[in-house]
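Here are a few notes to read alongside the model. Have it open as you go through the points.

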Amino acid sequence: LNLVEEILSLSSLESTSSELVKTEVDVQAIIAECIFALAPQKEASGIAFDVDVEENIETVIDANKNQISQALSNILSNALKFSESDTTVRIRVSEKYDENLRRFIRISITDQGMGIPESQIAEIFTSFYRASNAQSSGIPGSGLGLAITSRIIDLHGGSIGVESTEGIGSTFTLDLPAHISE
């Protein structure tokens, strides 16, 4: 059922020709909702979440709340799935400015998991792709979560990146355009 839902979600995202319906959403609230939804998985794994929001920043973005929730849930779920028990997943929210002085909300998610082989990092956002160590671990997955996440971030005018060291862990960084008030 999850596989069918992921395929339908990706198909829908790839065929979207209409404008996204966006509203003002607070990234902090979405993160809190995702953590709440993942509580059973978190409790079973013994992994803790540590959320750190940079002081005095506005964390509102213009976005489709359901899609951003799905993107964050995919990355947080992977962090739980691929990390060792009794470790911590760190979530940092900060702001970033690009070369044109546009403000972005940066969400960095760092796990202490198995990491991704360096030679395979460029492929992980490809549909149905799973890193060799993920395949050999016996941990189930379809290889669609990061493809869906990448597409959602792209549709929102943002970017996603990853730094990873095999055997140490990974940091996924999402930059989303900040809300511009009237």
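1. Let's begin with the rings: there is 1 aromatic pair, counting rings of Phe, Tyr and Trp (its six-membered ring) whose centres lie within 6.5 Å. The ring centres of Phe-125 and Phe-172 are 6.4 Å apart and their planes meet at 90°, so this pair is edge-to-face (planes over 60 degrees apart; under 30 is stacked, and the rest are tilted). The two partners come from distant parts of the chain, 47 residues apart: Phe-125 sits in the loop between strand S5 (103–110) and helix H5 (132–136), and Phe-172 in strand S7. Helices (H or I, at least four residues) and strands (E, at least two) are DSSP runs, numbered from the N terminus.

2. A word on the basis of these notes: this is a predicted model, where local features need pLDDT of at least 70 and side-chain atom pairs count only at pLDDT 80 or more, while totals for chains, interfaces and linings use all residues. Residues are numbered from 1 along each chain as its sequence is written, and side-chain values use heavy atoms, with hydrogens and water left out.

3. Buried means under 20%, exposed over 50%, and partly exposed in between, with a 1.4 Å probe and protein chains only.

4. Phe-172 also leads us to the sheet, for Val-162 stands opposite Phe-172 in S7. Strand S7 (residues 169–177) runs antiparallel to S6, and 7 bridges join them; strands pair if DSSP finds at least two bridges between them.

5. Stepping back, 5 strands make up an open sheet with mixed pairing, in the order S2-S4-S5-S7-S6. Strands S2 (48–53) and S6 (159–165) are at the edges with a single partner strand each, so one side of each has no neighbour in the sheet.

6. Do look at the second largest pocket too, with its volume of about 220 Å³. A pocket here is an open set of points on a 1 Å grid, where a 1.4 Å probe fits, with protein on both sides within 12 Å along at least five of seven lines; lining residues have an atom within 4 Å of a point. The volume is the space filled by probe spheres set on the points, which are joined across faces, edges and corners. Among the lining residues are Lys-22, Asp-62, Phe-104 and His-179.

7. Lastly, Asn-78 belongs to helix H4 (residues 65–82) and is buried, at 18% relative accessible area. Its C-alpha atom is separated by 9.1 Å from that of Asp-111, 33 residues apart along the chain.
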